[in-house]
Amino acid sequence: PKMDGGLYFDDEEVALACTAGTPMGAKLATAMEACKGSTESTTAMSTVVNRKEKTCRGRRCKSKFSKKCPSVDNIKKTMGKDMEVDVCILNQLGWVDTEGKAVEAVMKADLMSLPTEVSANLSEEKVDTCAEKIVSKMSHSKKRCAKKYTAEEVSELSKLGKKVASYKCFQKQFAKSCQGFVREEIYNFFKAKMSQETTTN
């Protein structure tokens, strides 16, 4: 909740302030602008997630799936819709290729261009641990649905879930690191201003 008299920055503003003046900052600003209001899938990852469902008629439409236990196609479609803008930005940054696979060299180069106070707080190990917890929680909540899927579908969902969870965990870690950095920068800016006024008076 916003507090009266406070100053509020949304996630996008914090990310831009955090990366300002760096090569990644310029790329991120361009990517965010290009993906604003993105309503269409723009990468192969989105295509994979949003595969066309087979149409059916009559009795053939009766499905073993439901809202509580959706089909693999419906899960992919929901994930694709939820991550539409995120996937667009990742593609624009060059962090994923045309098949939706991570391009680690580009990602690492961009992150290393950030201020040390930010990049030093980004841990691959923490992201992996966080992602594993999310996937484990998701698997547990959908345990009773597992028998509705084939072994191949379970494997596919597990990989997709890990990919989405890893990104969400990185996003959370990046936001937290940037918030601390931007807060400190604003504090130091006004501290310096106050010092200047004290010395001139």
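Colleague: Why does Ser166 count as buried?

Modeller: Its relative accessibility is 19%. Buried means under 20% relative accessible area (exposed is over 50%, partly exposed in between, with a 1.4 Å probe and protein chains only). Ser166 therefore counts as buried. This is a predicted model, in which local features need pLDDT of at least 70 and side-chain atom pairs count only at pLDDT 80 or more, while totals for chains, interfaces and linings use all residues. Residues are numbered from 1 along each chain as its sequence is written, and side-chain values use heavy atoms, with hydrogens and water left out.

Colleague: Where does Ser166 lie, and which residues does Ser166 touch?

Modeller: Ser166 belongs to helix α9 (residues 151-200); helices (H or I, at least four residues) and strands (E, at least two) are DSSP runs, numbered from the N terminus. Leaving aside residues up to four places away in sequence, Ser166 touches Val127 and Ala131, where contact means heavy atoms within 4.5 Å. Its C-alpha atom is separated by 8.3 Å from that of Glu132, 34 residues apart along the chain.

Colleague: How many helices and strands does the protein have?

Modeller: The protein has 9 helices and 0 strands. Of its 201 residues, 31% are buried.

Colleague: Which residues of α1 and α2 meet?

Modeller: Glu12, Ala15, Leu16 and Thr19 in α1 meet Gly25, Leu28, Ala29 and Met32 in α2.

Colleague: Why is Lys76 called buried?

Modeller: Lys76, in helix α4 (residues 72-82), has 2% relative accessibility and therefore counts as buried. The side chains of Lys76 and Glu156 are joined by a polar contact of 2.3 Å. A polar contact is a pair of N or O atoms within 3.5 Å; within protein, one must be able to donate a hydrogen and the other to accept it, and residues adjacent in sequence count only if both atoms are side-chain atoms.

Colleague: How do you know that helix α5 is mostly covered?

Modeller: In helix α5 (residues 84-93), 7 of the 10 residues are buried. Among them are Glu84, Asp86 and Cys88. Gly94, which follows α5, has a positive phi, near 85°.
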